[in-house]
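Please look at the sequence and the structure before reading on.

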Amino acid sequence: MISFGVFETFGVGLLILGFGYLLSKLRIFSVLCLPAAVLGGVFALSVLVLFSYFFELKISFDESPKESLLLAFFASLGLGIDFSKKSNFSKNFFIFLGLCTFIMVLQNLLGITIISLFDKQKELGLIAGSISLSGSFGMGAFWSQVLKTEPHNITNALDISIACATFGVLFGSVLGAPLGAFLIEKFVLKKENSRFESKEKSPSQKELGNELGKALVLFFSKKELKNTIISVLLLAFCVLCASVIKLFISLPAIIFALIFAFILRVLCYFFGVNLAHKNLALLGNFCLALFLALALMSIDLKALLDIGLPLFVLLCLELVLMLFFVFFITFRVFGRDYEAALLSAAQCGLCLGATPIALANLEKLELRFFSSKSALAILCLSGVFFIDFINVLVIWLFLSFL
């Protein structure tokens with residue numbers, strides 16, 4: 001067994017992310033609209049599986065960089081808020097949150113129904129439902145501690161939740177962006193019939209090299225150097241504060257990172273401190289992509305293979321339910337326009353994997369088509385502040401009736 005430390009893990013992640021960007025330039029992956037981090041992560045995961053199978057060599061990576069990268073991304077979102085532009089997304093936000101709540105209820109109903117047919121404990125249906133899918137690894141770890149005690153007595157609840165969450169993350173990453181691209185192209189959703197305010201065309205794949213060069217020049221330019229230094233210091237401060245507070249309050253650290261970043265952004269606005277918004281966006285997107293690459297290459301496929309037939313059948317049905325829901329309900333409720341396609345792809349990543357998966361799906365679609373600050377705001381506000389709290393309530397209600 002080979003164990004990689006923090007720096008080795010970070011270096012491998014950079015290589016995988018770079019390889020993913022090269023793969024994303026191939027026509028087949030460009031058409032499918034798969035994020036570069038997903039391509040690199042899945043490729044690395046496949047290589048690790050082959051090494052493990054043929055050479056019986058297992059490689060483990062340090063998990064610590066992932067949380068810091070995720071915190072940095074959410075902090076960049078908070079610091080990058082532009083108060084000069086107003087976005088009217090309140091109605092769509094409540095609709096999106098309501099649809100996510102509805103799908104969590106359906107996930108649990110389907111889980112309990114299918115597991116009952118196999119004559120298994122009904123709590124297993126909740127684990128393979130909103131606990132591990134909409135809740136991902138964090139929610140699975142929390143509820144597994146509850147379910148392994150009386151009166152549930154599911155001793156392997158943590159292993160099952162990890163396997164189910166792995167399934168969700170994998171398919172939420174692979175299917176989300178292609179689904180959004182399919183909807184956009186099938187219904188010919190162009191710039192002119194988009195309802196939201198930010199409609200700038202994102203750079204094409206051929207222009208990415210030039211755009212990256214311009215971004216690097218801007219990042220290190222003397223004009224922006226002062227603002228960039230201030231922005232990076234504030235970003236690091238938010239990450240540090242969120243990591244410390246998490247030790248005392250049992251809530252996801254990304255919530256604190258976003259809150260601290262928002263407070264600092266308000267203070268900078270009132271005191272006239274300029275931030276390098278483009279550089280913040282560049283850093284934030286890089287951190288998200290690197291986090292996703294590291295997360296995918298660290299997936300334990302053995303746990304997924306050992307999940308058992310009943311749970312595997314249930315997870316496949318949950319996947320079908322999710323695709324059916326976003327195509328026939330979410331997309332149509334939002335008006336079958338461009339924003340509806342973006343939010344459908346985001347919901348696929350959010351309710352199968354986690355918020356970072358949904359954000360990666362959204363970013364890839366915006367890179368290929370058009371940008372939407374409204375869709376990004378809806379997703380961040382829902383995924384960071386509300387989804388987990390609503391999910392806890394939904395799970396608690398289901399457990400109380402079992």
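Which residues make a nonpolar surface patch of about 820 Å²? In this predicted model, the patch is formed by Ile259, Phe262, Ile263, Leu267, Tyr269, Phe270, Phe271 and Val273. One of these residues, Phe271, belongs to helix H11, which covers residues 253–271. Phe271 counts as exposed because its relative accessibility is 66%, where the cut-off for exposed is over 50%.

**Interior**

The largest nonpolar core has 118 residues. Within this core, the residues with the most contacts are Leu79, Phe96, Ile127, Leu311, Leu365 and Leu379. Helix H8 (residues 157–186) supplies the largest share of the core, twelve residues.

Ile127 is also among the buried residues of helix H6. Helix H6 (residues 123–131) is mostly covered, with nine of its nine residues buried.

Leu365 is one of the buried residues of helix H16, as are Leu359, Leu362 and Glu366. Apart from neighbours within four places in sequence, Leu365 is in contact with Cys33, Ala177, Gly180, Ala181, Ile184, Tyr338, Leu342, Ala345 and Phe370.

**Salt bridges**

The structure holds two salt bridges. Side chains of opposite charge can pair when their charged atoms come close.

| Salt bridge | Distance |
|---|---|
| Glu67 – Lys246 | 2.9 Å |
| Arg368 – Glu185 | 2.4 Å |

Glu67 counts as partly exposed at 36% relative accessibility, and Lys246 is partly exposed with a relative accessible area of 39%.

The side chains of Arg368 and Glu185 meet in the other bridge. Arg368 lies in helix H16 and Glu185 in helix H8, so this pair ties together parts that are 183 residues apart in sequence. Arg368 counts as partly exposed at 25% relative accessibility, and Glu185 counts as partly exposed at 41%.

Methods: Residues numbered from 1 in each chain as written. Predicted model: local features only at pLDDT ≥ 70, side-chain atom pairs only at ≥ 80, totals over all residues. Heavy atoms only, no water. Patch = residues over 30% accessible without salt bridge, like charges linked within 9 Å, V, L, I, M, F, W, Y side chains within 5 Å. Areas by Shrake-Rupley, 256 points an atom, 1.4 Å probe, with all protein chains shown as cover. Salt bridge = Lys/Arg side-chain N within 4 Å of Asp/Glu carboxyl O. Helix = DSSP H or I, 4+ residues; strand = E, 2+ residues; numbered from the N terminus. Buried < 20%, exposed > 50% of the residue type's maximum accessible area, 1.4 Å probe, protein only. Core = buried A, V, L, I, M, F, W, Y, C linked by side-chain atoms within 4.5 Å. Contact = heavy atoms within 4.5 Å.
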